[in-house]
Amino acid sequence: MFKQIQKARKNQKGFTLVELMVVVVIIGVLVAIAIPIYGTVTQTAQDNAHEANIRTIKGAVQMLAMESDPPDVNIGGSGDLQALSTLSNYLEDTTMTTPRGSHAYTYYMENGEVFVQPLDQDNP
């Protein structure tokens, strides 16, 4: 009988409470490191997308200015890109969003230089 009890004790499989706690602590440390990194990566991606939108809109404004007869070097507009019919003809994607999530930009061209800014509803 004593040999059967010893055999049963040696044959036990599983983890101790200390081993499980160590695993939980390691996972907690990894999550604590990953969350701030994820936020930084997300913000960087949004900033890069916004800069790409501005470059695209600048190109569309320049094409609009050069195709007018005579070329117009002082043009401007403001509002939702989908509603700006003159500019939307030069944009393949009019669903570009500002950093705050709206689709509105303001643009103008003075003496050949194009300026583009987001036009957010809560920050006009």
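**A close look at the sheet and its aromatic pair**

A: Phe-115 counts as partly exposed, because its relative accessibility is 29% (buried means under 20% relative accessible area, exposed over 50%, and partly exposed in between, with a 1.4 Å probe and protein chains only). This is a predicted model, in which local features need pLDDT of at least 70 and side-chain atom pairs count only at pLDDT 80 or more, while totals for chains, interfaces and linings use all residues. Residues are numbered from 1 along each chain as its sequence is written, and side-chain values use heavy atoms, with hydrogens and water left out.

In β3, Phe-115 is the bridge partner of Tyr-108, and Tyr-108 is also partly exposed, at 35% relative accessibility. One aromatic pair is found in a search of the whole structure: the ring centres of Tyr-108 and Phe-115 lie 5.0 Å apart with their planes at 25°, so this pair is stacked (rings of Phe, Tyr and Trp, the last by its six-membered ring, pair if their centres lie within 6.5 Å, and planes under 30 degrees apart count as stacked, over 60 as edge-to-face and the rest as tilted).

The setting of these two residues is an open sheet of three strands in the order β1-β2-β3, with antiparallel pairing (two strands pair if DSSP finds at least two bridges between them; helices, H or I of at least four residues, and strands, E of at least two, are DSSP runs numbered from the N terminus). Because β1 (76–80) and β3 (113–118) each have a single partner strand, they stand at the edges, and one side of each is left without a neighbour in the sheet. Five bridges join β1 to β2 (residues 104–110), with Ser-78 opposite Thr-106 in β2. Six bridges join β2 to β3, and these two strands form a hairpin with two residues between them, where Asn-111 in the turn has a positive phi of about 50°.

Helix α2 (residues 17–67) packs on the sheet and touches β2 and β3 (contact means heavy atoms within 4.5 Å).

The largest nonpolar core has 17 residues, and among those that touch the most other members are Ile-57, Tyr-107 and Val-116 (such a core is a set of buried Ala, Val, Leu, Ile, Met, Phe, Trp, Tyr and Cys residues joined through side-chain atoms within 4.5 Å). The elements that give two or more residues to this core are α2, β2 and β3, and α2 gives the most, with six residues. Leaving aside neighbours within four places in sequence, the contacts of Tyr-107 include Ile-57, Val-61, Ser-78, Val-116 and also Phe-115, the residue with which this close look began.

Methods. Axes are lines fitted to C-alpha atoms, for helices over the stretch in contact, and angles run from 0 to 180 degrees between N-to-C directions.
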